[in-house]
Amino acid sequence: MFKILKKFFYIHILRKKYYRTGKCNTCGRCCQRIYVKHKGVIQTEEEFKKLQKLHPFYTYLKVIDKDETGLVFECMNLDPETHLCKIHKKRPGICRRYPQEELFSMGGTLAEHCGYKLEPIVSFEEVFKKVSKKSLSN
Ligand code: SF4
Ligand code: SF4
């Protein structure tokens with residue numbers, strides 16, 4: 001019963017498609033190559049400078065690359081030796097909530113060896129069953 005209620009809550013109230021499972025193994029990779037989305041994925045330094053005025057989190061970031069998705073940032077709060085966050089206890093909400101499925105809509109993926117997984121709430125088997133039922137009834 002709990003599972004059914006949880007599923008309903010995630011799909012219909014939170015409008016989620018994935019459950020987040022697992023836990024952080026403190027590898028620090030997600031703080032090293034970051035895309036920033038604000039309306040679209042940030043493409044230029046000019047766009048980014050405007051964004052920095054909106055939230056302190058953006059002032060922690062520096063541009064390290066640009067690829068086909070957009071500008072790539074690294075967070076300056078990541079300790080390069082320990083790979084730990086230097087402001088862990090005061091880290092912004094966006095870091096506390098990572099990873100979220102919006103990552104996929106930006107063309108991103110989970111960092112390699114990330115301890116978290118994003119698992120589909122509706123499994124492939126369930127989707128397949130529904131589609132098969134529909135095509136049989138037509
Ligand atoms: S503030 Fe900390 S947790 Fe957030 S991106 Fe920077 S290093 Fe990572
Ligand atoms: S990539 Fe995943 S496991 Fe590594 S620090 Fe980020 S959330 Fe934690």
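## A walk through the predicted model

Residues are numbered from 1 along each chain as its sequence is written, while chains are lettered from A and ligands numbered from 1 in the order in which they are written.

**Zoom out.** The C-alpha trace of the protein chain spans about 55 × 30 × 25 Å along its principal axes. Buried residues make up 7% of the 138 residues (buried means 20 or more other C-beta atoms within 10 Å of the residue's own, exposed 12 or fewer, partly exposed in between, with C-beta atoms placed from the backbone).

**Select residues 2-13.** This is helix 1, with 12 residues and a reach of 15 Å from its first C-alpha to its last, close to the 16 Å expected at 1.5 Å a residue (that is, 1.5 Å times one less than the number of residues). The number of its residues that are buried is zero, so helix 1 lies largely in the open.

**Step on to R15.** You are now in the loop between helix 1 and strand 1 (18-22). Phi of R15 is near 60 degrees, a positive value in a residue other than glycine. R15 counts as exposed because it has 7 C-beta neighbours inside 10 Å.

**Select V36, I42, Y60, L61, L71 and F73.** These six residues form the largest nonpolar core (a set of buried Ala, Val, Leu, Ile, Met, Phe, Trp, Tyr and Cys residues joined through C-beta atoms within 7 Å). Centre on F73: leaving out residues up to four places away in sequence, F73 touches I34, V36, L61, K62, V63 and I64 (contact means C-beta atoms, placed from the backbone, within 7 Å).

**Go to P99.** The peptide bond from Y98 to P99 is cis, with omega near -5 degrees. P99 sits in the loop between helix 3 (93-96) and helix 4 (102-105).

**Finish at H113.** Look in the loop between helix 4 and strand 6 (116-120). H113 is not a glycine, yet has a positive phi of about 65 degrees. With 8 other C-beta atoms within 10 Å, H113 is exposed.

Technical notes
This is a predicted model: local features need pLDDT of at least 70, side-chain atom pairs count only at pLDDT 80 or more; totals for chains, interfaces and linings use all residues. Helices (H or I, at least four residues) and strands (E, at least two) are DSSP runs, numbered from the N terminus. Two residues are in contact if their C-beta atoms, placed from the backbone, lie within 7 Å.
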